[in-house]
Amino acid sequence: MTEQEKMLAGKIYDPSDAVLLEKRTRAHRLCRDYNDTYETDEERRAQILAELIPDMGEGTCLLDPIRFDYGEFTSFGTNCFANFNLTVLDTCPVCIGNDVFFGPNCTIATPIHPLLPTERNMRIKEDGTPYDLEYGAPITIGDGCWLASNVIVCGGVTIGAGTVIGAGSVVTRDIPAGVFAAGNPCRVIRPITEQDSIHLKQHLW
């Protein structure tokens with residue numbers, strides 16, 4: 001297997017691999033190019049996103065700045081929205097459904113580093129190249145989810161459709177569909193029901 005194949009399969013891989021390094025460098029450059037544009041530069045921004053994230057549905061909008069490790073290993077459905085400073089470390093596949101909202105400063109992180117420091121520490125190849133041992137686990141976010149400000153989603157997590165994750169939460173395990181969940185670690189608080197309609201909340205303001 002190539003190092004990329006190992007990485008995407010969730011196996012231990014070498015991130016200093018030349019192919020992966022080239023892909024990361026390219027993605028980081030595209031992110032910088034995107035972040036240097038204005039929101040009114042719609043055509044240029046669309047071109048950059050098409051190159052960075054080929055699998056992106058129509059109507060999806062990412063406010064800058066954005067940060068992606070690879071981009072090509074992330075997919076967005078249609079009509080998604082990400083507020084400022086979305087970070088996606090897609091060493092394993094990240095699958096984001098339709099109509100998903102992200103508040104500011106959300107992080108989607110698939111990489112997993114060893115807990116033992118002797119396994120986590122940097123190593124040196126015979127040619128002097130530094131590298132470390134790591135692996136990852138995929139992340140899936142279902143249709144119609146809302147991740148509020150400063151949410152972190154860790155590798156291996158699936159969030160079910162229509163779920164809301166409260167601000168500042170750290171999601172370390174799967175969250176089912178149709179619930180409000182929050183906390184560190186994130187846990188289910190209650191189901192979302194028709195009583196949560198915005199039209200029933202107007203009297204609070």
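Which residues of helix H3 (residues 42-52) are buried? The report starts there.

## Helix H3 and its buried side

The buried residues of helix H3 are Arg45, Ile48, Leu49 and Leu52. Buried means under 20% relative accessible area, exposed means over 50%, and partly exposed lies in between (1.4 Å probe, protein chains only). Helices (H or I, at least four residues) and strands (E, at least two) are DSSP runs, numbered from the N terminus. An α-helix has 3.6 residues a turn, so residues three or four places apart point the same way.

The face of H3 turned away from the buried side carries the exposed residues Glu43 and Ala50. What covers the buried residues? The cover includes helix H2 (18-35), strand S1 (61-62) and S2. Contact here means heavy atoms within 4.5 Å.

## About the model

This is a predicted model, in which local features need pLDDT of at least 70, side-chain atom pairs count only at pLDDT 80 or more, and totals for chains, interfaces and linings use all residues. Residues are numbered from 1 along each chain as its sequence is written, and side-chain values use heavy atoms, with hydrogens and water left out.

## The sheet

An open sheet of 5 strands runs in the order S2-S5-S8-S15-S18, with parallel pairing. Strand S2 (66-68) and strand S18 (170-171) stand at the edges, each with a single partner strand, so one side of each has no neighbour in the sheet. Two strands pair if DSSP finds at least two bridges between them.

Strand S5 (residues 86-89) and strand S8 (residues 107-109) pair in the parallel sense over 3 bridges. Threonine 87 stands opposite threonine 107 in S8.

## Salt bridges

Side chains of opposite charge can pair when their charged atoms come close. A salt bridge is a side-chain nitrogen of Lys or Arg within 4 Å of a carboxyl oxygen of Asp or Glu. By this rule the count comes to 7 salt bridges. One of them joins aspartate 14 and lysine 125 (2.6 Å, N to O). This pair links distant parts of the chain, 111 residues apart. Aspartate 14 lies in the loop between helix H1 (3-8) and H2, and lysine 125 in the loop between strand S10 (123-124) and S11. Aspartate 14 counts as buried because its relative accessibility is 14%. Lysine 125, at 29%, counts as partly exposed.

Lysine 23 and glutamate 72 also meet in a salt bridge (3.2 Å, N to O). Lysine 23 is in helix H2, while glutamate 72 is in the loop between S2 and strand S3 (74-76), 49 residues apart. Glutamate 51 in helix H3 and arginine 26 in helix H2 are 25 residues apart. Glutamate 51 is partly exposed at 37%, and arginine 26 is partly exposed at 29%.

## A buried charge without a partner

Where is aspartate 132 found? It is in the loop between strand S11 (130-131) and strand S12 (135-136). Aspartate 132 is buried yet has no salt bridge. The nearest side chain of opposite charge, arginine 24, is 7.9 Å away. Lys and Arg count as positive and Asp and Glu as negative; His and the chain ends are not counted. Aspartate 132 touches Tyr13, Pro15, His113, Arg120 and Met122, leaving aside residues up to four places away in sequence.
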